[in-house]
Amino acid sequence: MSLSKLMKENIGKHLLDRLGDEELTNRLQASKLFAQLDPLFVMPALVRLVYSRDVRVRSAASDAIVAVLRGQTHPCNVISVLLDCIRDNVQNASPPKHPRQVGESSKYSGSAASHSGSGMDVDRIMRLVPKWSSTVQDWDSLVKMLLRKMFAETSNAVIPRFLSEISNHLADVTHTVFKLLISHMQKQKEANEDLLLKWKEGRLSECEDTRIKDILFDRLSPLLVLRVLPLRAFNDLNSKDLYGEFSTITARDGDTVVTADDEKCITGLLINRMCHLFEFEDVRKLAAELTGRLHPQVMLPLIGSHLEHAIHNRDILKLKSCLFAVCNSLMIRGKESALHSVMIKVRHLITTVLLWPSMDSDEVAKAQHGCIDCLALMICAELQISDSSSQLSKVNMVQKKSKLIEEVMDQSEHPSLQDTVISSVVRNMTSQQQTFPFVMSKELVFHSNIPEDYKKTFVPISFRLCMANVLISVCQKISLRQKSLLSNVPPSSFVDFVLSTLINFVQGSDESQMRAACLQVIFAAVYHLKSSILPYSNDLLNLSIGALRSKEQAEERIAGAKLLASLMGSEEAIVSSIAPNLMEARIVLTNISIMDTSPELRNLCEKLLQCMLTPIDTNEMLKV
């Protein structure tokens, strides 16, 4: 005998009351019975009770939600109801104010918790999803419902958060996911140039503002679906929906550019969005990030071709997108990307950009910052490659026997170093003259404003300073142990190669500006890599004292003082190692604090003297 709707609702009300029963058995029995009731009636109340202050009610309501989800033969309707309930509960707390908040679960749920009286935290319900998802039989139907719902409610941040909880199941039905995404992306509206310009300048009417945000949310939504997929979803080179005909391209194919005709696969759609001139910046950046997740065998030849075109045309937007994609590929794929043959071409293209003249605040300078990051990530990936450490060790042995840096960096004597990024960066930093036969074709050199004879003889100081910034960035990245790519980077291999080279250079060079730059790199190594520099601590102390005695630029003396401060504020083993030799440093600091023309340097030296007498936090001095 079936119960009437009214009777089921009455039973539901009584069961809701039982969720707070003092007897555990009663609460458990009540939770299980919810599976027999209408989700549309009980789910809103259960979602609210998950946030009850009573821990017994919270636990029973959570069990009841799982029971309701598991009790449905066809889960599409109940999941839709659940998502609507969560959305309704968080909307009053903190709706997304900007499209980029959609899909950012930590920011969204955090702000919701802070603005909601009940402390609404989406994660509390999302943690229940794995308890139900293992029982789902028909993922194809469920995924279709979820994606259609997401495309219909593009500003709903709850849906991408839910998708992230079932990401592994999505990866098992990528044929369904990709087809739906392609179909939706091919139909999407684009914002025209005038509308984008008015939006950036804040000149939109209320109606236009609503319209452009709707377009932006819509263009972001399929990318957010791709973002939650695990990396393995991008590994199938035979997937026509993912890679189309691009899976057959190789590094030898050269001029491979995606056109509108190629928007029949995810790869073509992503690259067109990251490279399109009139695209939302949020869409462009997310598309570039996702492009970096594609298989290097497909992605790198494509990006290499687009990067070359961007440099040829001085298309800074496309250039930055390509660099971001390469950086993300190195972060995610590591060795797999670093060893790809196209990376040599990418390195040479990056060198071209770093040779461009720029001002600190212009777009070229911003692109050059991307180039510096890209080279730094290449080095981090390179340091993880098994034979890299042994190669660097061999070079280190040669360096310790050599007095002149030019002898150490002679490629003809060390052919194993010809293709390593780290050796190229150090060589370009420490050499006044260098050849760049690989930079670009004559046509692109012309566009880069680099005279033919110039590129083959002298290395611009600005370029060499970029190389120093690459090494500083490597130090910073190695120290960020939480990064998955960098967790296995051995600091000692980097330190052994770079420090011994730079110490030799500073001791033998007559270029004050470059000596100061080297000291900045060494300071970064001491500050970020800590105990790894212990074998070099006294050499570095002598180097800092020598820099303080320099009669040339104050910049070099300041760099020497900061290096000394970093050594003195380092780990106990390093401080103990340099302690017997600090008397000489004290004499030099005293003289400088009295007579130097630089107020900044005098102030820093006075603080270092105080530190020698009364220990203080030397790291604070480095902020001066």
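1. Let's start with a pair of helices: the axes of H9 (residues 139-152) and H10 (residues 158-165) come within 10 Å and cross at roughly 155°. Axes here are lines fitted to C-alpha atoms, for helices over the stretch in contact, with angles running from 0 to 180 degrees between N-to-C directions. H9 and H10 are therefore roughly antiparallel to each other (angles over 145 degrees count as such). The contact (heavy atoms within 4.5 Å) involves Leu 146, Leu 147, Lys 149 and Met 150 on the H9 side, and Ile 159, Pro 160, Phe 162 and Leu 163 on the H10 side.

2. A word on the model: it is predicted, so local features need pLDDT of at least 70 and side-chain atom pairs count only at pLDDT 80 or more, while totals for chains, interfaces and linings use all residues. Residues are numbered from 1 along each chain as its sequence is written, and side-chain values use heavy atoms, leaving out hydrogens and water.

3. Now look at helix H29, residues 491-508: its 18 residues reach 25 Å from the first C-alpha to the last, close to the 26 Å expected at 1.5 Å a residue. H29 is mostly covered, with 14 of its 18 residues buried (under 20% relative accessible area, 1.4 Å probe, protein chains only).

4. Finally, find Arg 557 in helix H32 (residues 554-568). Arg 557 is buried, at 8% relative accessible area. Beyond its neighbours within four places in sequence, Arg 557 has contacts that include Glu 552, Asp 596, Thr 597 and Leu 601.

Key:
Helix = DSSP H or I, 4+ residues; strand = E, 2+ residues; numbered from the N terminus. Expected span 1.5 Å × (residues − 1). Buried < 20%, exposed > 50% of the residue type's maximum accessible area, 1.4 Å probe, protein only. Parallel < 35°, antiparallel > 145°, perpendicular 65-115°, else oblique.
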